[in-house]
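Visitor: Hi! Could you walk me through this one?
Guide: Happy to, here it comes.

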Amino acid sequence: MAETSRKEPITDQEFQRLVDIVYKEAGITLQKKRDLVNARLATMVRKRKLAGPKAIIQQLENDKTGTVLVELIDALSTNVTHFFREDHHFKFMKEVFLPNLVGDKKKERSKTIRIWSAACSTGTEPYSIAMVVKEFFESLAGWDLKILATDISTKVLEVGERGIYSQKEVQTIPKAFLNRYFNRLPGKGLEKEYQIDAEMRKLVTFRRFNLLNPQYPFQRKFDLIFCRNVMIYFDQATKNKILQNFILHLSSSGYVFTGHAESLGRTTIGLKHVEPAIYTKA
Ligand SMILES: C[S@@+](CC[C@H](N)C(=O)[O-])C[C@H]1O[C@@H](n2cnc3c(N)ncnc32)[C@H](O)[C@@H]1O
């Protein structure tokens, strides 16, 4: 625990105030995570050279630009992710989604594919999607493929845009994909680094987007929406609003993928359960 937080621990009232702000702004419930809040705030207090958590609240209250709020959410969001996490979704993409999509697009005389990674963290999810699609088509010539990668946290979006990962982070990427789609960089010291190549980076657009926004500003419908391991932090009412927005922005034969630990059950209005953590429009 940082020195500052030992000197001036968070009071019940301050804790509640921060929990309320983060819930209102990002939908993240931290009520039962006092230790996590304390530890993450201590880092923010140190970085901003403040006396303690109370000063963060004061800065938030005088924050005209929203930067303190962005930093607070960056500090308190949990960004754990890895390449090809929950592999079952990527298998379903290869075996069901992409073959069907080609048939559907042929019927529609369309060559447009839109996929959204809707809580993309450091980019491991959208780049895993890009690799699977690229492998399936071999050549994307003639196809208009765009993968939108959004997150509320600016720090993870910056990592995604750079597309540079450590030796440890690339461990879950199949060797053939790592050789084909990544360039080895000199790295720092003994630790090697890998950057996803420019062609793959071009397929993915990173943007800050809060899933709590009442309206989603996307013009084209998505063929596939990944929203994994984020709804676990939201209460049922928030989840329902987000899901209704997904339904509005999903193509008629599109799919929504959720994290396996946050299965929506079989009765979410407007969505039909296909397989665990895979849904389509009802
Ligand atoms: C645990 S990570 C999951 C990343 C990836 N989807 C995966 O399954 O590996 C959760 C991500 O959700 C983001 N997040 C939390 N609240 C959000 C919100 N209200 N809107 C958008 N993203 C949010 C966090 O910043 C974090 O990067």
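Visitor: What share of the contacts with a separation of 6 or more comes from residues 24 or more positions apart?
Guide: They account for 72% of those contacts in the chain, where contact puts two C-beta atoms, placed from the backbone, within 7 Å. Keep in mind that this is a predicted model: local features need pLDDT of at least 70, side-chain atom pairs count only at pLDDT 80 or more, and totals for chains, interfaces and linings use all residues. Residues are numbered from 1 along each chain as its sequence is written.

Visitor: Thanks! How many helices and strands are there?
Guide: The chain has eleven helices and ten strands; these are DSSP runs numbered from the N terminus, helices being H or I with at least four residues and strands E with at least two.

Visitor: And how many of the residues count as buried?
Guide: Of 282 residues, 34% do. Buried takes 20 or more other C-beta atoms within 10 Å of a residue's own, exposed 12 or fewer, and partly exposed is in between, with C-beta atoms placed from the backbone.

Visitor: New topic: backbone angles. Where does Ser121 lie?
Guide: Ser121 is in the loop between strand 1 (112–117) and helix 7 (124–137). Its phi is positive, about 50°, although Ser121 is not a glycine.

Visitor: Is Ser121 buried or exposed?
Guide: Buried, because 25 other C-beta atoms lie within 10 Å of Ser121.

Visitor: What about phi of Ala277?
Guide: Ala277 is not a glycine either, and its phi is positive, near 65°. Ala277 sits in the loop between strand 9 (271–275) and strand 10 (278–281), and is buried, with 20 other C-beta atoms within 10 Å.
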